[in-house]
Amino acid sequence: MRRIYQIDGEETECWLSHDGRSMILNTPDGAIPCQLDAAEAPGGYTLRVRGRTYDMRVAVGPDATFVHLNGQTFAIGRVDPAERLAGNDGGAVDDRIVAPMPGVVVSVNAKAGDQVKEGQPLLVIESMKLETSLTAPRDGVIAEIPFAAGDSFGLKATLAQLAPEEE
Amino acid sequence: MRRIESQIDTNAPDFKANHAAMSERLKEFHARQHATRFERPQRDIDRLARQNKLGVRERLKLLLDPGTPFLEFSTLAACREYDGAVPGAAVVTGIGIVQGREVAIHANDASVKGGAWYPHTVKKIVRLLDVALENRLPVIHICDSAGGFLPLQHGVFPDRYLGGRVFRNQVKLSQANIPQIAVVGGHCTAGGAYVPTLSDYNIIIEGTGAIFLGGPPLVKAATGEEVGVQELGGAVMHTSVSGTGDYRAATEQHAFSLAREIVSQWKRTPKTIIETATFEEPYYDPKELYGIIPKDRKTQFDMREVLARIVDGSRFHEYQPDYGTTMICGFAHIWGYKVGILANNGVLFNDSSLKAAHFMQLCNQNRTPLVFFQNITGYMVGREYEERGIAKDGAKMLMAQGGSVVPKFTVIANASYGAGNYGMCGRAWDARTLFMWPQAEIGVMGADQAANTMADVKIRQLQREGKELTEEEIAAIRDPVLEKFRQDVEAYTSTSELWDDGILDPADTRNALGMSISASLNAPIDDPHYGIFRL
């Protein structure tokens with residue numbers, strides 16, 4: 001995978017290699033031989049590309065590298081390809097909250113007809129000495145919460161159901 | 001490696017309540033730790049001054065490289081024993097840096113009962129020498145002990161892991177080519193005489209140090225011979241007549257500079273090389289852990305939020321993120337060292353156990369040390385799970401964990417109950433170091449479950465005898481049991497009994513692990529091999 005950089009907000013893919021004589025910057029538009037040498041000033045470098053010489057300054061920050069070149073400053077951020085290319089995970093969210101294991105309902109914090117937000121705690125269950133808070137999988141309206149505090153339930157029992165989303 | 005995206009809101013009421021509860025706990029913890037290290041009755045301080053001896057902490061300062069970390073083990077050992085009168089079990093142990101080298105240190109604390117060996121003292125010394133053996137760390141003994149505490153002699157002397165084990169481990173260290181130095185800054189009497197004599201090098205401080213099998217009173221009683229300490233076993237006699245001592249030191253300062261000089265003569269063996277990356281502090285503040293760890297032990301929390309505040313750059317490569325989700329597995333770096341992390345995010349099911357076993361095999365294959373973060377209430381129980389073979393899958397996890405050849409490190413971050421403790425590399429499973437957080441709990445089962453079980457047995461027994469019990473009578477049976485169990489599962493009980501290597505302020509966990517991993521690389525890593533997996 002090539003690296004993805006974000007230069008002043010615009011993404012570009014490139015990869016630095018070496019052909020035995022000089023460094024090569026591989027870009028979507030072709031390979032560019034180049035050379036970078038440290039200059040005397042702190043953070044100073046001399047860049048040689050296609051017969052031309054540029055003086056530049058580089059400052060490295062935690063989230064971006066700043067390059068000062070030709071009177072202009074560029075912020076260069078590195079984009080993680082695995083993250084960038086993961087796409088949207090999830091897809092359709094289930095309307096039901098299904099018991100991850102058998103247990104007992106400790107408390108119920110919503111009732112049928114309630115409008116709830118994604119991540120809002122709907123009920124707390126206890127199983128294996130552990131209290132787990134179960135939250136709404138998406139924004140919506142509660143259709144049913146069939147158990148009350150103190151009730152026990154089995155594996156994969158439906159603990160809460162959201163009303164189907166309207167198209 | 002990608003950064004974990006924290007979902008924590010540091011302004012949320014839950015976060016603030018947790019933070020307040022943890023801060024309160026830590027205030028108590030740091031106060032207890034400080035008292036154990038530095039607070040002594042005036043008469044004990046006066047006695048040391050009269051004997052012209054330095055305290056154990058001052059001795060460590062003379063020995064260790066200035067400005068380097070000292071990873072102290074089990075500071076609060078014996079805190080719930082002997083009415084709290086033997087702080088730290090009268091001994092200081094840990095890993096420190098001398099002349100740029102990692103060494104294990106065993107130093108008697110003569111300000112506590114003259115440095116006498118109590119049962120917990122012996123346990124603490126044996127543990128330190130086990131650490132030295134496992135990690136191939138040279139040992140420096142600072143000897144200043146009144147000898148075994150006689151009223152409890154059966155707790156310090158006869159059994160396999162008692163007094164004799166200290167000397168046995170010294171022999172094993174020597175046999176394994178691991179050097180030892182003893183600095184004799186007090187009396188080494190009877191068994192204690194073998195600590196310096198089994199060391200490759202020993203230094204005796206003139207005037208205060210002495211070595212003998214029987215001290216002057218015992219000699220008088222046994223044979224009638226009247227002899228003074230110096231003639232019987234002082235620095236001059238041993239270094240010039242008997243050859244029992246190697247170096248004579250004029251002062252404590254002289255003794256420790258000699259010890260440092262000896263360390264610098266040792267051959268340096270190269271450390272084991274594992275994958276490393278450039279050191280990076282966590283992106284998220286480790287102190288935020290205080291607000292993440294729930295104030296109620298039973299409340300579930302996302303262990304990724306914990307990892308984000310411990311590992312380098314908060315970066316984590318998660319393995320099988322969508323399978324067996326109650327078990328988080330993945331790679332990260334700590335102090336630049338690549339590690340494989342196993343962290344509980346709920347009960348262990350069949351799939352989570354298999355995932356853990358598989359991941360541990362991966363780590364052994366590429367020589368990646370394992371770090372366990374325990375918050376485990378157990379393997380899932382019930383008919384459904386037995387039918388799916390939960391015991392069989394748990395056995396696979398144990399086989400992979402126990403059979404691992406890479407160094408393992410364990411943090412008991414919250415709950416450590418039942419067989420989950422085993423699967424997640426509890427004390428019996430040879431973690432190179434094992435630390436506990438102050439609110440963590442450990443036991444076969446939870447206090448409530450244990451109290452109910454025991455109370456039910458009692459109630460049923462009484463019912464069989466025809467006695468009907470009122471609510472009050474049932475409470476009278478249950479409540480005292482519950483109270484005792486609640487105390488028994490606390491981190492302070494664990495650390496008192498040396499079931500761990502110490503309680504940690506959660507924010508210090510990263511450094512404790514970094515030092516532990518670094519020390520472990522003094523030992524080679526074997527080729528992977530396992531027992532039989534029940535497939």
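Biologist: Which residues does Leu342(B) touch, not counting those up to four places away in sequence, and what makes two residues count as being in contact?

Modeller: Contact requires that the C-beta atoms of the two residues, placed from the backbone, lie within 7 Å. Leu342(B) meets this criterion with Met327(B), Cys329(B), Ala356(B), Phe359(B), Leu370(B), Phe372(B) and Met424(B). This is a predicted model: local features need pLDDT of at least 70 and side-chain atom pairs count only at pLDDT 80 or more, whereas totals for chains, interfaces and linings use all residues. Residues are numbered from 1 along each chain as its sequence is written, and chains are lettered from A and ligands numbered from 1 in the order in which they are written.

Biologist: Why is the set of 141 residues called a nonpolar core?

Modeller: The term denotes buried Ala, Val, Leu, Ile, Met, Phe, Trp, Tyr and Cys residues joined through C-beta atoms within 7 Å; buried means that 20 or more other C-beta atoms lie within 10 Å of the residue's own. The largest such core has 141 residues, of which Ile140(B), Val183(B), Leu307(B) and Leu342(B) touch the most other members. Helix H4 of chain B (residues 119–135; a DSSP run of H or I, at least four residues) supplies the largest share, seven residues. Another core, of 10 residues, lies apart from it and includes Val116(A) and Ile145(A).

Biologist: How many residues of chain A are in contact with chain B, and which element gives the most to that side?

Modeller: In chain A, 12 residues are in contact with 15 residues of chain B. Strand S13(A) (a DSSP run of E, at least two residues) gives the most to that side, with four residues.

Notes:
A residue is buried if 20 or more other C-beta atoms lie within 10 Å of its own, exposed if 12 or fewer, and partly exposed in between; C-beta atoms are placed from the backbone.
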